Amino acid sequence: MARTYSLNDDSVVVVIGSGAGGGTVSNELAQRGVDVVCLEAGNRLTLADVVNDAAVMHQKMTWHDKRLGAPVWLCKTVGGTTMRWSGVTPRFRDFEFRARSTYGALDGTNLIDWPLTLDEILPYYDKAEAKMGVSGTHGTPPSFETSNYKVMKAGAKRIGYREITSTRTAINSVARDGRPACQQIGFCWAGCAIGAKWSTLYTEVPKAEETGHFELRTGAMAIKVTHDADGKARSVIYADADGVLHEQKARAICVAGNVVETTRLLHNSQSNLFPDGLGNSSGQLGRNYMRHVMNLTLAVMPGPVNFHRGTRQSGLILDEQRHDDSRGFAGGYVIETVADQPYNIAAFVGGWGRETAGFLDDYSNIAGCWITGEDPPEADNRITFHDTERDAYGLPVPVLHYREHANSTAMKQHGVRQCESIYESLGARRVLSRADAGGGCHNMGVARMSERPEDGVTNRWGRLHDVPNLFVSDGSVFTSSAAPNPTLTIVALAIRQAEHIADAMARREL
Amino acid sequence: MDQQQLTRRRFIVSVIALSAAAGSTLRPGLFSVSQAWAESASPLDDPVHKAMVRMARLLFPHDALSDDVYAEILDQALSDTASSNENAANLEAAAAALDRQSGDSWQALDEAAQIEAMRSIEAEPYFLAIQNQVRVGIYNGAAFWKHVGYPGPSKGFGGYLHRGAGDIDWLPEDK
């Protein structure tokens, strides 16, 4: 049963955030008997709150607090961004952990290798997939093949692709783990209405509560991490829903606020001992912010597709997830189906007049896909904080600086050609591509893992180089972005980190 | 315009603005209040109203949709909300600018010339605001959805798993 802990209880691990990273690390710790207090800035919805209406869900779930610069699209709700994600869960490949060794220096980037290898993370990919019910893995069947997927598959075969799959999606292809199979309702980008898609809201969080080792505090916005004279983290100061400040003591702390809030919390925790922000002796905190290369292609096909029938992302192509200099860029990308409702298609097409309206007249014949690809780290792609502007919590407003690297531009152009060819090979009447269509939904870097403390903020366990009992548990620790959607890797790293923390606590090293 | 009209107009446009800001969908059902508006007089002069219905059609021209569909979107924008005055002002500004561009009556021009006049003002804030409202109104509207065979949210009828999610009959056979 759910527990409550005293603010003075310094035996607990405080986890900040309840999404893919925070929700998972919380549950994994609680399952091992570690007491956890999870601070979540947002509210706790139920499945009954999920409606097939993106505007309504946007109001309910989005992080609305002010941010400047490059837009991001994150959630402030229990479950975090696992309430608004595609469910696509491909694994990184070996070369992607060795980005610097494989690609070379890449002008203008800050590329390094991960301090861990694919072999080390493989067992945790297995655990993450089993936990999330990833289709086509660990005995679960592949996902249902929607028409949109069948079109992409047929075109992909025609242009010579081989790794085309309707697996690798964390949406139940059969009923399992107390949740139903996908009914192909669609609209699930804004929350799965029946809980078939994995979200920590109705998996990790209630499972953690059942252990009797977990307390979730909602409406709890972490403001600052304090430390003792030795530089060990001591407590988290947070504001409750009424704006009243509390201080929760902690034995260890895991920060998983998604990159913007993770950076802000560590930055805001500066002190005499850590004048540039907690764990920032390297100067790398907030830097190496990565977003993924994205492009969306829509095509008017010769016959009906009705891509609104079913999940937005129902299959993928993995052939381009490789490093091959002859393509004119380093790293790879993944191609995935995409679908949307008429208004969003009109906004995507843009403009006005016959051309725009004509595209929409063919709504039932539209097929679509997008790419997500590796975006290299750059020192000046970073999150800083406004000198004077403060938000309702009194915190400095984040400013996101992002400029696309030439490698990303070249990859995007290649992706556009490939995606358009898929549909043209089947006689598409019209194709239309738009770059950066999903900008700001995949956020990585800012507290990257590094072998050497001067190159990054965290070590191979996501533990701060500078603060031994402070961990980062979200995509902020990604050393490089790799091509795949980040959630599976965030979950795998969180499981691995929880094991590390629990073992270290058992050995009294933490 | 009396206070009651103003209040009514404020409500609806704030809903439109909200949805536009979200870059996302609106439930057409939210607009049922527009029936009340339809019974009262438009704050626009008749020629201005007619010109703006024409402009709305040229923004997103769907031959399958009647003028009533476009007129209703404008009427909704003119009903009830904090920004209804602003919407009326935008529409009046657009109508005046189009007439100015045309030397006399924009409505009297042929379609190509009408579109050319619209292109000359397409970067104006009032034009962009109207364009956004018509886009939301058309593509989140029941008439367009019916036209393209899109039934809207499917949770209520249980999704498409057994209702055609994988149905497609024109793809070439796998080689």
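Is W85(A) buried or exposed in this structure? W85(A) is buried, at a relative accessible area of 6%, where buried stands for under 20% relative accessible area, exposed for over 50% and partly exposed for what lies in between, with a 1.4 Å probe and protein chains only. The model is a predicted one, in which local features need pLDDT of at least 70 and side-chain atom pairs count only at pLDDT 80 or more, while totals for chains, interfaces and linings use all residues. Residues are numbered from 1 along each chain as its sequence is written, chains are lettered from A and ligands numbered from 1 in the order in which they are written, and side-chain values use heavy atoms, with hydrogens and water left out.

Chain A as a whole comes first. Chain A contains 12 helices and 17 strands, these being DSSP runs numbered from the N terminus, with helices (H or I) of at least four residues and strands (E) of at least two. Its C-alpha trace spans about 70 × 50 × 45 Å along the principal axes. The radius of gyration of chain A is 22 Å, which agrees with the value near 24 Å that a compact globule of 510 residues would have; the radius is taken over C-alpha atoms, and the globule rule is 2.2 Å times the number of residues to the power 0.38. Of the 510 residues in chain A, 66% are buried. Where contacts (heavy atoms within 4.5 Å) join residues at least 6 apart in sequence, 74% of them join residues at least 24 apart.

In one of them, the ring centres of W85(A) and W198(A) are 6.2 Å apart with their planes at 80 degrees, so the pair is edge-to-face. The two residues are 113 apart and belong to distant parts of the chain, W85(A) in the loop between β3 (68-69) and α3 (94-97), W198(A) in the loop between β4 (164-165) and α7 (204-210). W198(A) is likewise buried, with a relative accessible area of 0%. Elsewhere, F92(A), F97(A), W114(A) and F478(A) make up one aromatic cluster.

Helix α8 (residues 258-268) of chain A has 8 of its 11 residues buried, so the helix is largely enclosed by the rest of the structure. Its buried residues include E261(A) and R264(A), together with V259(A) and L265(A). Among the elements that cover them are the strands β1 (13-16), β6 (221-227) and β14 (382-390) of chain A.

P123(A), in helix α5 (residues 118-132), is partly exposed at 39% relative accessibility, and its C-alpha atom is separated by 8.6 Å from that of A492(A), 369 residues apart along the chain. R168(A), in the loop between β4 and α7, has a positive phi of about 70 degrees although it is not a glycine, and counts as partly exposed at 23% relative accessibility. R508(A), in the segment after α12 (487-506), also has a positive phi, near 65 degrees, and is exposed, with a relative accessible area of 70%.

Definitions and conventions:
Rings of Phe, Tyr and Trp (its six-membered ring) pair if their centres lie within 6.5 Å; planes under 30 degrees apart count as stacked, over 60 as edge-to-face and the rest as tilted.
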